[in-house]
Amino acid sequence: MAHEVRLNLRAIQSARPGRSGLRVILGITGLVSAMMGGILAFSLTRSPMREAPLLNAALDCALLVVFSLQLSQTLSAAITAFFERGDLDLLLSSPLPPHRVFAARALGVATVPFLWFGALASFLLIPLALFGDPRWLAVYPVLIGLSLVSGAAGIGLALALFRLLGARRTRTVGQLFAGVLGAAIFLLSQIPNAMPAHGAALLTRLRRWTESGAFAPGAPLSWPAEAMMGRPAPLIGWVLGCGLVFLLAARAFGRPFTRNAAVAAGAPPDRVRMPSPAAIRRGFGGGVFAHLVRKELRLLVRDPTLLSQVLLRALYLLPLGFSLFRALGHGQDAQDLARLRLAAIAGVMAGIAAQLAGSLIWITLSGEDAPDLLACAPVAGSRLRQAKLIAALTPLLVLLAAPLIAMALLSPWVGLCALLGATAAAVSASLINLWFERPAPRRSFLNRGGGSTLVGVSEIMLSIIWGLATGLAAAGSPGAFIPLAMALMAMGALFRGARPRRAG
Amino acid sequence: MRPAPPPASMGEAALEIRGLRKAFDKPAVDGLDLRIAPGEFYALLGPNGAGKTTTLRMVAGLLKPDAGSIRVFGVDVETDSIAAKRLIAWAPDEPMLYDKLSPLEYLQFVAGLWGVGAALAAERAETILRELDLWEARAQRCEGFSRGMKQKVALAGALIHDPKLLILDEPLTGLDAAMARIVKDLLRARVSSGATVILTTHILDVAERLADRIGIIDHGRLLVEGALDDLRAAAGEAGATLEDVFLRLTGETA
């Protein structure tokens, strides 16, 4: 088990951003979180920590969100472990009983989410414990218990998928499912924003449920929250309960785990349809450019894990749109309101375009799997890059075409602004990735921000700025010139910063 | 070993390297001169870190030399890189593949990059895939392939545009004995039909059996080159095996 923990720690180390990037990210996150923790701690000194139904419900919800995110991580890690094997063959060939092999792997799978969430929580917990109430440190053992359960549940879920779908399909479906699972709670939390009328009713019902005594101190639903707040009995119960679940899972899943691991190793290749001679000849047709675009599109479409990760990044911009949508609902007549809401959607579309373009272009440019093949081909580098850009932007065009057309039909001006904004945002994301191209394996997509903090931060900031510029322009506000100027200045600065790199 | 082809000094060389230098932390290639005739099978040998791969990467246009010149069939690799690349195929020891593509799709892509016509490319692809025993797996994605199969797909990619100069870095890695024989025969057939092959290998027996001439480099410099008898003479060991000659010249111990 120590071996599993060591391997996972090394994986985290290798995925971390560069030193300067790490310092900046940790510095900003630490400062913001410490301030929040300080404020919370200060308010707690005025009203000491005590279990209240609303607080209990909120803490339970937080725990549920963390569990869903952890489960997404552990399911993905479990499927990766089954198929990419690593040291799994060594473990399976060792004279260990199946339940111990499972326990070792599940512990390894659970380590990463615990370390991530533990580290994130520390920014809040340490100030809270120092300046408020030290009982908040009980969150750590609660997180350990939760991680153990999510580790076992992640592998259990992977085993269930094996049983339902077979080894071949589990690989793809499982990774997609993990992505959806990670976003599920987040999306559910957006219901009140997306559907204000239904959302309000839902919130009222939840409030009534909270006040009904279900989350009263001592009620079973309050135990997780009370464990987090350091009440001894729920805390001990939580840790022991989670430990017991883990041990039972190891007993129950040990044998299926080793059996399925063996099946995964011998999983037959995907059934393939043999192309006809005419199809083969057609496949060889077309110019260099067509071949490059076709290859990039094939690689993108055939990697559903990567594609789902890309789409999930855009998904997280939706709350901004929902919030804008709601914020515009006050003090306007119906026609103005509709126009402003449409403008807000145009802004969000530009932001999404920037996010998607940045991700897709990174995959095709920096994530090239055979850079040497392209480098020794008799094709100019500029032509290669053009083809890659077109291949990367094609899925974006497909995704945005329908909403853009709908928007243009509703309001030609807003449609035009959305088109220009999305184009400008996508072009700026493309240029940043071209200027700061840094080859990396495609599978390291999720850690791509670690390659360059500057690129990561610039992409996020510019997607927001372009979104603002587009939204304001679509609303007919001259204020659009301010974010537009900011975006152009930022691009100018990035161009200057990238010049030595390009020259080299 | 076959009888040596016409002397490399006569006519236009398939590959002509003059005063080639490349340094990273320390010199990797240090004033290398090499001349290989068209239709020659040349084996470049040397211990690990001798500068073999760096040299070949510069020939393939993947690295820029610090000094010196490289000409492929008279075309300067640096000043007219596109024209030079049209003549070359480079197959490194790590196959340059896309796991999500099938062998057929990979060949379609490579043929497209080198601008081979559709009908000709389709015909060549079938021939090569059959020769390399990949035809049945032509539509399967490479991600499930063994190392040896990936190596064969990469080799097929190197052959699809019928290069005049084929540069292979450890081409037999991961291949079983039967397939290694097929690949060796295939390479010899290419040479017989006029192509030039340069390969690096750690299997000295392969160099001894296949190559017309052998060059041994160490510390980025050519120590000796010629037919096996020339190498024996240089090492002062008549009747010695290539392994004995190699170890003696590079100062390595068995």
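What follows covers a sheet in chain B and then one residue in chain A.

Keep in mind that this is a predicted model. In chain B, six strands make an open sheet, and their pairing is mixed. Over in chain A, the residue to look at is Glu296(A), which sits in helix α13 (residues 288-301).

**The sheet in chain B**
- Reading across the sheet, the strand order is β6-β7-β8-β3-β9-β10 (chain B).
- The edges belong to β6 (88-91) and β10 (221-226) of chain B; each has a single partner strand, so one side of each has no neighbour in the sheet.
- On average, neighbouring strands here are turned by 15 degrees against each other, if you ignore direction.

**Who pairs with whom**
- Look for Ala91(B) here: its bridge partner in β7(B) is Leu168(B).
- Next along, β7(B) and β8(B) are also a parallel pair, this time over five bridges.
- Within β8(B), Ile198(B) is the residue standing opposite Ile167(B).
- To get from β7(B) to β8(B), the chain goes through helix α6 (residues 177-192) of chain B, making a right-handed β-α-β crossover.
- β3(B) pairs with β8(B) in the parallel sense too, over four bridges.
- There, Ala43(B) has Leu199(B) of β8(B) as its bridge partner.

**A covered strand**
- Strand β8 (residues 196-200) of chain B is mostly covered, with five of its five residues buried.

- Helix α8 (residues 228-235) of chain B lies across β9 (213-218) and β10 of chain B, at about 125 degrees to β10(B).
- Helix α9 (residues 242-250) of chain B lies across β3 (41-45), β9 and β10 of chain B, and its angle to β9(B) is about 30 degrees.

**Glu296 in chain A**
- Is Glu296(A) buried or exposed? Glu296(A) counts as buried, because its relative accessibility is 0%.
- Its side chain makes a polar contact of 2.7 Å with the side chain of Lys295(A).
- Setting aside neighbours within four places in sequence, Glu296(A) touches Thr364(A), Glu368(A), Lys388(A), Ala391(A) and Arg442(A).

Definitions and conventions
Residues are numbered from 1 along each chain as its sequence is written. Chains are lettered from A and ligands numbered from 1 in the order in which they are written. This is a predicted model: local features need pLDDT of at least 70, side-chain atom pairs count only at pLDDT 80 or more; totals for chains, interfaces and linings use all residues. Side-chain values use heavy atoms; hydrogens and water are left out. Helices (H or I, at least four residues) and strands (E, at least two) are DSSP runs, numbered from the N terminus. Buried means under 20% relative accessible area, exposed over 50%, partly exposed in between (1.4 Å probe, protein chains only). A polar contact is a pair of N or O atoms within 3.5 Å; within protein, one must be able to donate a hydrogen and the other to accept it, and residues adjacent in sequence count only if both atoms are side-chain atoms. Contact means heavy atoms within 4.5 Å. Two strands pair if DSSP finds at least two bridges between them. Axes are lines fitted to C-alpha atoms, for helices over the stretch in contact, and angles run from 0 to 180 degrees between N-to-C directions. A crossover is right-handed if, with the strands pointing away from the viewer, the path from the first strand over the helix to the second runs clockwise.
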